[in-house]
Amino acid sequence: MPDLPYAMIDIVDKLIVHSSYGSLLGLELVDAAEDHVRVRLPYRPDVTTRSDVVHGGAIAGLIDTAATAAFWASPNIAEGSRGTTIGMSINFMAAGRGQDLLAVARVRRRGREISTGEVSVQDADGVEVAAALITYKLSSPK
């Protein structure tokens with residue numbers, strides 16, 4: 001994976017992963033390369049639904065944040081660009097129970113404005129908890 005300029009990693013980490021919502025979830029950037037990121041959701045009772053089961057909404061937030069970070073992980077993003085998730089399909093395969101979750105996000109196809117990507121979420125034992133397909137619109141400044 002090609003390396004990203006430090007300024008781009010800083011944008012991915014500070015403005016996306018550690019946005020207000022990402023900070024609320026406690027998300028952590030593990031690593032980033034061009035079109036590829038890994039983001040961790042540390043386990044804590046605040047993100048559970050019942051017992052030690054991580055809430056599907058917290059997992060969806062992890063997925064959306066990781067995907068957004070992957071779409072912005074490119075040295076070709078112009079300053080002043082704007083972006084938003086325009087489609088997301090998530091399949092939950094297993095409960096995330098009492099462990100940190102790791103989202104691995106990658107861009108599959110980067111278009112002029114519309115791009116697609118995929119995210120896999122695994123628990124600390126490597127069990128896939130969720131998989132998602134993401135469609136993202138990234139517009140250059142006018």
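**Exercise 1. Find how many residues the hairpin that joins β6 to β7 runs through, then describe the pairing of the two strands.**

Step 1. A hairpin joins β6 to β7, and the link runs through 3 residues. Strands here are DSSP runs of E with at least two residues, helices are runs of H or I with at least four, and both are numbered from the N terminus. Two strands pair if DSSP finds at least two bridges between them.

Step 2. A word on the model before going on: it is predicted, local features need pLDDT of at least 70, side-chain atom pairs count only at pLDDT 80 or more, and totals for chains, interfaces and linings use all residues. Residues are numbered from 1 along each chain as its sequence is written, and side-chain values use heavy atoms, with hydrogens and water left out.

Step 3. Strands β6 (residues 101-110) and β7 (residues 114-123) run antiparallel and are joined by 9 bridges. Along this pairing, Leu-101 stands opposite Asp-123, and Val-107 faces Gly-117.

**Exercise 2. Which residues touch the most other members of the largest nonpolar core, and which element supplies the largest share?**

Step 1. Start with the term: a nonpolar core is a set of buried Ala, Val, Leu, Ile, Met, Phe, Trp, Tyr and Cys residues joined through side-chain atoms within 4.5 Å. Buried means under 20% relative accessible area, exposed over 50%, and partly exposed in between (1.4 Å probe, protein chains only).

Step 2. The largest core has 36 residues, and Val-37, Leu-41 and Val-121 touch the most other members. Its largest share, 10 residues, comes from α3. Elements that each supply at least two residues include α1 (6-17), β2 (36-41) and α3 (56-72).

Step 3. Look around Val-37, leaving aside neighbours within four places in sequence: its contacts (heavy atoms within 4.5 Å) include Val-12, Leu-29, Ala-66 and Val-104.

**Exercise 3. Describe the aromatic pair and say why it counts as stacked.**

Step 1. There is 1 aromatic pair in the structure. Rings of Phe, Tyr and Trp (its six-membered ring) pair if their centres lie within 6.5 Å; planes under 30 degrees apart count as stacked, over 60 as edge-to-face and the rest as tilted.

Step 2. The ring centres of Phe-71 and Tyr-136 are 4.9 Å apart and their planes stand at 10 degrees, so the pair is stacked.

Step 3. Because Phe-71 lies in helix α3 and Tyr-136 in strand β8, the pair ties together parts that are 65 residues apart in sequence. Both Phe-71 and Tyr-136 are buried.

**Exercise 4. Is Ser-51 buried or exposed, and what about Ser-139?**

Step 1. Ser-51 is found in the loop between β3 (48-50) and β4 (53-54). Its relative accessibility is 61%, so Ser-51 counts as exposed. Its phi is near 60 degrees, a positive value in a residue other than glycine.

Step 2. Ser-139 lies in strand β8 and is buried, with a relative accessible area of 18%. Not counting residues up to four places away in sequence, Ser-139 touches Ser-81, Arg-82 and Glu-113.
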